[in-house]
Amino acid sequence: MMYRIGRKSRLSAPVRRPLAWSPAESAATVACWALAGWVLAGAARRVSVRTGVSDEEAFAPLPGDEFIAHPMVDWTRGVTARAAPEQIWPWLAQKGYGRGGWYTPQGVDLFANRWVFGVRHPFPASASRLLPEFQHVAIGDLICDGPDYASYFRVLRVDPQHALVYRSIRHPRRGSPIDITDPQAPQRAEQRLREAGTYIDFTWALVLNELPDHQTRLLVRTRANYSPRAFRFLTLPLGLFDATYGVAMLRAIARRAESHEPTGT
C-alpha cells in the first residue's frame, strides 16, 4: 500500500519546465523590434524625400517653388558636378522626349512607358553629344514626354545657366495625346483631368548652383499635388523609386558635362 501511494504521488507530480522567455524579456524583445521598425521607417521616409542634399539645400527655397505653394509631395535630390554651370546648361536645355532625352536609365524609361503608353520597344539612348537644334528653350514651350505628346511639360521658368522649371498635369496611369497645332488643346486636356478627379499636378525644377573650383551643385526638386487623396499611400514607394531615378539622371548629366567626349548612360 505504501509503495502504491508513493508511486502514485510520483506519477501525479506536475513537471515544471523553465520558461523560454520571461515576461520582461519578451517585452524587451518587442520593444527592440518596434524601435528597429521605427528607425527603418524614418530612414525610408528621409530617403524618399531627399537624397544627396544637405539640410540647407533640402529646406531652402528653389526656383519653381512658387508655382505649387503648398505641395503634398516635396522631393529634392542633388549631386556635385566637376563642371561649371555654363558647361551643364546646354545638356538641360535639350532635355525632352524626341530631343536629347532625359538622361535616365533606359530600363527605367522602358518600364515607365510600358506602364503608361504601352510602348514595348527600346527607346533611343539619351544624347551623348550636344544638339544645336534643341538648344533653344523658352517659357511657354511644350516639352514632349511621350508618343504624340501623350504627356508633356510646360516650361514655366528659364534662367540660363541657373534654373529650368517645368510643370505637368497628367493621369498617373495613361497618356492623353493632344494636337499641338491647337493652342487650346493642352488647356482642355488638363481641365478634363481635373474634372475627372484623377491626376498628378507637379513641377520639376532643375537648378545649378555654382561652387568654387569650377564645380556646380546640380539639384532637382519635384513638388506635387494629386487627386484622389488615397494616392498618399503611394508617395513613399514612389519617393524611393525617384531617389534612384532622379540621382541617376543627375549623375548622367554631370558625366556628360565633365567629359570632353561624353558617353551614353
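In which strand does Thr 222 lie? Thr 222 lies in strand E7, which spans residues 215-227, where strands (E, at least two residues) and helices (H or I, at least four) are DSSP runs numbered from the N terminus. The structure is a predicted model, in which local features need pLDDT of at least 70 and side-chain atom pairs count only at pLDDT 80 or more, whereas totals for chains, interfaces and linings use all residues. Residues are numbered from 1 along each chain as its sequence is written, and side-chain values use heavy atoms, with hydrogens and water left out.

At 10% relative accessibility, Thr 222 counts as buried, a class defined by under 20% relative accessible area, with exposed meaning over 50% and partly exposed the range in between (1.4 Å probe, protein chains only). When residues up to four places away in sequence are not counted, Thr 222 touches Val 73, Asp 74, Trp 75, Phe 202, Thr 203 and Trp 204, contact being taken as heavy atoms within 4.5 Å. Asp 74 also belongs, together with Asp 65, Arg 221 and Arg 223, to a network of salt bridges.

Side chains of opposite charge can pair when their charged atoms come close. With a salt bridge defined as a side-chain nitrogen of Lys or Arg within 4 Å of a carboxyl oxygen of Asp or Glu, the count comes to 16 salt bridges. One of them joins the side chains of Arg 167 and Asp 201 at 2.8 Å, N to O. Because Arg 167 lies in strand E5 (residues 163-170) and Asp 201 in strand E6 (residues 199-211), this pair ties together parts that are 34 residues apart in sequence. Arg 167 is partly exposed, with a relative accessible area of 22%, while Asp 201, at 5%, counts as buried.

A salt bridge also links the side chains of Arg 188 and Asp 182, with an N to O distance of 2.4 Å; Arg 188 is partly exposed at 40% relative accessibility, as is Asp 182 at 22%. For the salt bridge between Arg 46 and Asp 55, the N to O distance is 3.9 Å, and the relative accessibility is 48% for Arg 46 and 45% for Asp 55.

Val 47 lies in helix H2 (residues 23-49) and is partly exposed, with a relative accessible area of 38%. Together with Leu 236 and Leu 240, Val 47 forms a nonpolar patch on the surface, with about 200 Å² of accessible area together. Patches are made of residues with over 30% relative accessible area and no salt bridge, with like charges joined within 9 Å and nonpolar side chains (Val, Leu, Ile, Met, Phe, Trp, Tyr) within 5 Å. Accessible areas come from the Shrake-Rupley method with a 1.4 Å probe, and for residues only the protein chains shown count as cover.
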